[in-house]
2 protein chains.
Amino acid sequence: MANVLKVSARSNPNLVAGAVAGSIRESGEAELQAVGAGAVNQAVKAAAIACAYLAPSEIRLAFEPSFLTVEMDGEQRTAIRLRSVILPK
Amino acid sequence: MANVLKVSARSNPNLVAGAVAGSIRESGEAELQAVGAGAVNQAVKAAAIACAYLAPSEIRLAFEPSFLTVEMDGEQRTAIRLRSVILPK
């Protein structure tokens, strides 16, 4: 199972992208999880930057988005998960 | 070239997802474009819902995120583009 990177509205997309790229290089997979518009925006930016980081290595990356329910501060919240997929060249 | 669906913070993700699914069924491709956190959030929700719409047809969908510069109200803005990819089964 992929390492899940939890992204917040205050996450630095470049740092998250570096973690995604590292996880892809190590294990071939990565997952981003975000709750709320600000966090989802940072997660998508990180995903786009990770694609750019990996392109010179001829790794073409895409993401499958899905919903999941998570508990935050004792409340049920709907999170977005972006699961990486390595595309055929 | 894929039909570009422009998503705003007020877009209904279910309707956008229907348009994505229709575009995939017709032409095999779709692109979502969004500017700003609220719009990106709705675009990702629409992408996740489109994946769920197409799953029963055994179409597995992912998205390649990228940045692009667009002009809005005479200003240069950074948009997020989500380009569909149909994954092998």
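Mentor: Helices (H or I, at least four residues) and strands (E, at least two) are DSSP runs, numbered from the N terminus. Please keep in mind that this model is predicted.

Trainee: In what order do the elements of chain A run from the N terminus on?

Mentor: Chain A contains 2 helices and 4 strands. Read from the N terminus on, these elements follow the order β-α-β-α-β-β.

Trainee: Why is chain A said to be as compact as a globular protein of its length?

Mentor: For 89 residues the globule rule gives 12 Å. Chain A comes close to this and is therefore as compact as a globular protein of that length, since its radius of gyration is 13 Å.

Trainee: What percentage of the residues in chain A is buried?

Mentor: A residue counts as buried when its relative accessible area is under 20%. Of the 89 residues in chain A, the buried share is 49%.

Trainee: Which strand gives the most to the lining of the largest pocket?

Mentor: The largest pocket has a volume of about 220 Å³. In chain B, β1 (4-7), β2 (31-34) and β3 (60-72) each supply at least two residues of its lining. The greatest contribution, 3 residues, comes from β3(B).

Conventions
Residues are numbered from 1 along each chain as its sequence is written. Chains are lettered from A and ligands numbered from 1 in the order in which they are written. This is a predicted model: local features need pLDDT of at least 70, side-chain atom pairs count only at pLDDT 80 or more; totals for chains, interfaces and linings use all residues. Side-chain values use heavy atoms; hydrogens and water are left out. On a 1 Å grid over the protein atoms alone, a cavity is a set of points where a 1.4 Å probe fits but cannot get out, and a pocket is an open set with protein on both sides within 12 Å along at least five of seven lines; lining residues have an atom within 4 Å of a point. Grid points are joined across faces, edges and corners, and a volume is the space filled by probe spheres set on the points. The radius of gyration is taken over C-alpha atoms; the globule rule is 2.2 Å times the number of residues to the power 0.38. Buried means under 20% relative accessible area, exposed over 50%, partly exposed in between (1.4 Å probe, protein chains only).
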